[in-house]
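Here is a short briefing on one protein chain. Keep the structure open as you read, and find each part as it comes up.

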Amino acid sequence: MTGSTSSDLEKDSIRINENANATTTPLYNEHVDITGVDERKLLRKIDIALIPWLSLLYLLSFLDRTSIGNAKLYNLEKDLNITDTQYLLALTVFFFSYAIFEVPSNVFLKRLRPSLWLSGLMFCWGIMMTVQGLVHNFGGLTGMRWMLGMFEAGLFPGVNYYLSCWYKRSEFGIRAAIFFSAATVSGAFGGLLAAAISKMDGIGGKPAWAWIFILEGLATVIAGALSFFIIQDFPDTAKFLTEAERTVVVRRLQGDDQFSAAGEKLRMKYIYKSILDWKTWIGMIVYVGADMPLYAFSLFLPSIINQLGFKATPANLLTVPVYAFACLITCVVGFLADKWGRRGYFNLNAALSYFAVYLATCGIYPVIPNSIAWVSNNVEGSYKRSVTLAMVISFGNINGAVSSNVYRAKDQPWYPLGHGLVLLYIGLGLISSTTFLVLLKRENAKRERGERNEIIGDEKSSGHEINGRYETVADAKADKGDEWSGYRYTI
């Protein structure tokens, strides 16, 4: 066996999947010979092409949206002559524009090329971030925060949907975790960077906080321009893969019950299905149970540490080990959830840990990518999944507006309102995760008993009229997506 061919086990796996689907789903690129493709090497090739750069982009995204928390420690409020209430409002407006534009952005991402859409968004928000360092008053700061949220809205839901179009359901969790862990790295990196940039205070007549916005914004502009050439498009058109490799990627997804992997035309029916699906709405509550605490943690950790008696730069530096620990825990949870296929249980375990700063990272950060992977694993149909993920993430982000207003200066040093609401949201996350888990298990059991079987062809004995009548199983899959009786939900 040469290194260029797949192992016997991998070949058998492909043949089994192809034979199992031969009478149900048309074989993608049937004329293409894939025997020379090594799946493990192909997966590594995809990982290298996608994950590092996308993670860097999210690092810059999270850094740009939360760096205002670090900048605040360097006289932002004093220099702009704004009150604590106005500062909180400036944080809040970001989340409204961010949430509003996430769903339409995901639809555009599917309609357009990811390399064009994502790079364009990034270039524009980099400009907004840079201009944020040039504002002189409350109105200017608020306006830039709105624009920043509008352009940043498409990256996180877009990339998660994009990755779900490349990987099998059992492979998606660790990739989502590594991608999201860039947020934890940005927390650590943001503290170090703010401390370093603060040394530029007074250069060019600009205060330290302005230089934080300007330099981080310029870095994002450069990354956005480069992204046009680096970001790959969807598997069926990816230029860095051979035709045989593209074929293997699509067939692997189809064998994993992602029937739309070979392509799907936009129909309003798919969007309506996403909106009316109960999994979308429970997923939104699951996600918000972690997302609101995440933003509260990210925006106010420097200030909370500052209240312990540390000055601005030491306070920023003390956030570094906290975020580094969060990065490690997030990746470990993503790996184990993929391996064991029990994502819901990790949500229940992790969400109990908001007791101290280090334990908070265990309870907040891993739940975000795990929840996204959990929702994504249970939605089939390209457009339906793109809308569902965007709805889930946008609902979480609109609640970031709550987190922006709960850690008030007058409540220091104990912040009873902030901590109390964070615990409330974590409670919602626990309840909704448990509900989601129970309902998914119940639905899988109904499908095992044949209660969801459709009628295929003229064989009435094969199913129930209420579940639909189709000429072939392939027709049932294409029309019903994850509602097809043979689809099994990930618990």
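A residue counts as buried when its relative accessible area is under 20%. By that cut-off, 59% of the 491 residues in the protein chain are buried. The model is predicted.

**The whole chain**
- The secondary structure comes to 22 helices and 2 strands.
- Take the contacts in the chain with a separation of 6 or more: residues 24 or more positions apart account for 80% of them.

**Helices H6 and H7**
- Helix H6 covers residues 114-132, and helix H7 covers residues 138-152.
- Their axes are 8 Å apart, and the two helices pack at an angle of about 165°.
- Angles over 145 degrees count as roughly antiparallel, so H6 and H7 are roughly antiparallel to each other.
- The crossing of H6 and H7 is left-handed.
- On the H6 side, the residues that meet H7 are Leu 121, Cys 124, Trp 125, Met 128, Met 129, Val 131 and Gln 132.
- On the H7 side, they are Leu 141, Met 144, Arg 145, Met 147, Leu 148, Phe 151 and Glu 152.
- The residues of this contact between H6 and H7 divide into 11 nonpolar, 1 polar and 2 charged.

**A closer look at H7**
- H7 has 15 residues.
- From its first C-alpha to its last, H7 reaches 21 Å, close to the 21 Å expected at 1.5 Å a residue.
- Which residues of H7 are buried? They are Leu 141, Thr 142, Met 144, Arg 145, Leu 148, Gly 149, Phe 151 and Glu 152.
- What covers these buried residues of H7 includes helices H2 (39-71), H3 (76-80), H4, H6 and H8 (155-164).

**Helix H8**
- H8 is mostly covered, with 10 of its 10 residues buried.
- Among the buried residues of H8 are Leu 155, Phe 156, Pro 157, Tyr 161 and Tyr 162.
- Gly 158, Asn 160 and Ser 164 are also buried in H8.

**Tyr 87 in helix H4**
- Tyr 87 lies in helix H4, which covers residues 84-100.
- Is Tyr 87 buried or exposed? Its relative accessible area is 0%, which is under the 20% cut-off, so Tyr 87 is buried.
- Leaving out residues up to four places away in sequence, Tyr 87 touches Ile 68, Gly 69, Lys 72, Leu 76, Glu 77 and Ile 82.
- Tyr 87 and Thr 142 are 55 residues apart along the chain, and 8.8 Å separates their C-alpha atoms.
- Thr 142 is one of the buried residues of H7.

Conventions:
Residues are numbered from 1 along each chain as its sequence is written. This is a predicted model: local features need pLDDT of at least 70, side-chain atom pairs count only at pLDDT 80 or more; totals for chains, interfaces and linings use all residues. Side-chain values use heavy atoms; hydrogens and water are left out. Axes are lines fitted to C-alpha atoms, for helices over the stretch in contact, and angles run from 0 to 180 degrees between N-to-C directions. Helices (H or I, at least four residues) and strands (E, at least two) are DSSP runs, numbered from the N terminus. Angles under 35 degrees count as roughly parallel, over 145 as roughly antiparallel, 65 to 115 as roughly perpendicular and the rest as oblique. A crossing is left-handed if the near helix is turned anticlockwise from the far one by less than a right angle, and right-handed if clockwise. Contact means heavy atoms within 4.5 Å. Ala, Val, Leu, Ile, Met, Phe, Trp, Tyr, Cys and Pro count as nonpolar, Asp, Glu, Lys and Arg as charged, and the others, Gly among them, as polar. Buried means under 20% relative accessible area, exposed over 50%, partly exposed in between (1.4 Å probe, protein chains only). The expected span of a helix is 1.5 Å times one less than its number of residues.
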